[in-house]
Amino acid sequence: TVCADGEPRLAHKMVTHNWGNKFAHLLAAVFADCLGHRTYEHVLLFLAKPGGLEELRRKLQPKAHKNYWICAFSVNQHAGICATPPPKDSHGEPLQPCM
């Protein structure tokens with residue numbers, strides 16, 4: 001709702017992430033999906049080259065009406081699980097609270 005002037009909007013797509021992946025790959029994957037590409041490698045090149053971001057912005061402009069819910073931006077995981085984590089992770093390893 002912050003990006004939508006306080007108005008709730010349903011997302012067209014829900015995007016999850018892996019903390020071990022590069023942030024640029026997350027962005028490239030969302031942009032690629034918005035452009036209708038099956039993979040993100042081509043879009044990643046736009047993020048890396050000089051002037052590429054402006055070119056990518058022009059390509060995305062007609063598709064700017066699509067809403068994506070990205071968990072890394074939408075869920076405060078630090079407040080939700082770091083202060084009182086479960087005793088063990090999914091592999092049975094003990095978890096330590098965040099400091």
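Trainee: What is the accessible surface of the protein chain, and what share of it belongs to carbon and sulfur atoms? After that, please examine helix H3 (residues 52–60).

Mentor: The accessible surface of the protein chain is about 7900 Å², and 58% of this area belongs to carbon and sulfur atoms (areas come from the Shrake-Rupley method with a 1.4 Å probe, and for residues only the protein chains shown count as cover). The model is predicted, so local features need pLDDT of at least 70 and side-chain atom pairs count only at pLDDT 80 or more, while totals for chains, interfaces and linings use all residues. Residues are numbered from 1 along each chain as its sequence is written, and side-chain values use heavy atoms, with hydrogens and water left out.

The protein chain contains 5 helices and 2 strands (DSSP runs numbered from the N terminus: helices are H or I with at least four residues, strands are E with at least two). Along the sequence, their pattern is β-α-α-α-β-α-α.

Let us turn to helix H3. Its axis comes within 6 Å of the axis of helix H2 (residues 41–48), and the two cross at roughly 130° (axes are lines fitted to C-alpha atoms, for helices over the stretch in contact, and angles run from 0 to 180 degrees between N-to-C directions). H2 is therefore oblique to H3 (under 35 degrees is roughly parallel, over 145 roughly antiparallel, 65 to 115 roughly perpendicular, and the rest oblique). H2 contributes Val-43, Phe-46 and Leu-47 to the contact, and H3 contributes Gly-52, Leu-53, Glu-55, Leu-56 and Lys-59 (contact means heavy atoms within 4.5 Å).

Glu-55 also forms a salt bridge with Lys-49, with the closest N and O atoms 3.5 Å apart (a side-chain nitrogen of Lys or Arg within 4 Å of a carboxyl oxygen of Asp or Glu). Glu-55 counts as partly exposed because its relative accessibility is 27% (buried is under 20% relative accessible area, exposed over 50%, and partly exposed in between, with a 1.4 Å probe and protein chains only). Lys-49, at 40%, is likewise partly exposed.

Because Arg-57 and Glu-54 are 3 residues apart in helix H3, about one helical turn separates them. Arg-57 is partly exposed, with a relative accessible area of 47%, and Glu-54 is partly exposed at 42% relative accessibility. The whole structure has 3 salt bridges.
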